[in-house]
Amino acid sequence: MSKTKQTLGEFIIENQSSFKYTSGELSRLLNSIRLAAKVVNHEVNKAGLVDIIGAAGDTNIQGEDQQKLDVYANNKFIQTMTKRNIVCGIASEEEDDFITINSQDENHQNKYVVLIDPLDGSSNIDVNVSVGTIFSIYRRVTPIGTPVTIDDFLQKGNQQVAAGYVVYGTSTMLVYTTGYGVNGFTLNPAIGSYYLSHPDMKFPEDGYIYSVNEGNYLDFPLGIKKYIKYCQEEDGKRPYTSRYIGSLVSDFHRNMIKGGIYMYPKGSKNPKGKLRLLYECNPMAFIAEQANGKASDGYTRIMDIEPKSLHERVPFICGSKNMVEKAEEFMTKFGD
C-alpha cells in the first residue's frame, strides 16, 4: 500500500472540525472503535481454530444461539469504550438492556451513546464467510450529569451523529460517516493501521444486483414478490443478478460498490421484519443516504421511524436509489 495513503487516525484528526460538536470526544470514540475492531479482527482470523468457533451455550435477547465470537466481540467493544471514558451508555444486540457508564469523575459527564451489533452474520463464521460489526452513535438527550435513560437510545435514526461498519473479509475494512459523506479504510495487517482506500463512497443510482433470501419467497409480501419477478424479467438491462451472502455487512458493502438493492421484508415467520432498527437498519440507512443511496421499510424512510423498544425489528429495503424507489412502487401498488 502506498506510503502516501492517509491513515484512519490522520483522517479523523484532519476532519474533526467538521463534526457538529468539536470537543474531540467523537474523534476519541471513533478511535476506540477502530482499536476494538483490530482486536476482534485478530480473533475472527483465527476462527477455524479449536475453542473459537461454535456456540457459547447461551442465547441472546433475540432467542438466537450466541456464537463464541459473538460474546468475545461484544465484550471487547464494551470494554474498550468503557475504559476510554468516552461514552455514557452502550446498547448491544447481545445485551438484554442498555448499559449505563459513569464518567471518571463519577458525575456522568460523557455525552455520547453507542448502539452496536458486535458481530453481524456470525452464523457464517464456521464456514469462513465474511462477518462484520455495525455501530451507531448518538448524542445523549437527557441532561449531562445524570445517568442515561432509555430515551437516549430510542432516538430516530435522523439524529445519528456517526455510523459505520467493519467488514472482516479477505481484507478488513472500516467504513463510516459523520454526516459528510462515506469513507472506507482498509487494514494493513502487517503494521496494524487502517488506510484510506475508498474515499467518498457512493451507491450507483441504478444497479444490477438484488439481494434477498429467495428461500423465503412464499412468505414475502405480494409487493416484494412482484418486485422480484420484475428483477428476473428480460427487459433491456434486466434480468438482474441475484447475490445473497446472508451477512448484512457483506451484502450492503458489495451493493454500495457495484450497485444493487438489499431486501429483508416481513413475513409470517417475521411479522415485523427480522433486522433490528437500532443496531442494523438505522446505521446502514445513514451510511446509505450519505452514499447517495436510500433505505426504506417499503413505505417509510427508515431514519424517520420512531423507535419503541431497544430490540425492535422492521422490514428493510436498502441500496441504489432508483432500485429502492422501484421496490417502493411495487409495495404501494400491491402491498402486503
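Lys226 lies over the face of Phe334, 5.1 Å from the ring centre; a charge counts as over a ring if NZ of Lys or CZ of Arg is within 6 Å of the ring centre and within 35 degrees of the ring normal. The model is predicted, with local features needing pLDDT of at least 70 and side-chain atom pairs pLDDT 80 or more, while totals for chains, interfaces and linings use all residues. Residues are numbered from 1 along each chain as its sequence is written, and side-chain values use heavy atoms, leaving out hydrogens and water.

Rings of Phe, Tyr and Trp (its six-membered ring) pair if their centres lie within 6.5 Å; planes under 30 degrees apart are stacked, over 60 edge-to-face, and the rest tilted. The count by this rule is 13 aromatic pairs. In one of them, the ring centres of Tyr262 and Phe316 are 6.3 Å apart and the planes stand at 55°, so the pair is tilted. The two residues are 54 apart in the chain, Tyr262 in strand β13 (residues 260-264) and Phe316 in strand β15 (residues 316-320). Helices (H or I, at least four residues) and strands (E, at least two) are DSSP runs, numbered from the N terminus. Tyr262 is buried at a relative accessible area of 4%, and Phe316 is buried at 0%; buried means under 20%, exposed over 50%, and partly exposed in between (1.4 Å probe, protein chains only).

Helix α7 (residues 321-334) has 14 residues and spans 20 Å from its first C-alpha to its last, close to the expected 20 Å, which is 1.5 Å times one less than the number of residues. Its buried residues are Met323, Val324, Ala327, Glu328, Phe330 and Met331. Seen down the axis, these fall within an arc of 160°, so they line one face of α7; the arc is taken from the directions from the helix axis to the C-beta atoms. On the other side, Thr332 and Lys333 are exposed. Just after α7, Gly335 has a positive phi of about 65°.

The cover over the buried residues of α7 includes β11 (209-211), α4 (222-232), β13, β14 (293-296) and β15, where contact means heavy atoms within 4.5 Å. In α4, the buried residues are Gly223, Ile224, Tyr227, Ile228, Tyr230 and Cys231. Their arc around the axis is only 155°, which puts them on the same side of α4. They are covered by elements including β11, β13, β15 and α7.
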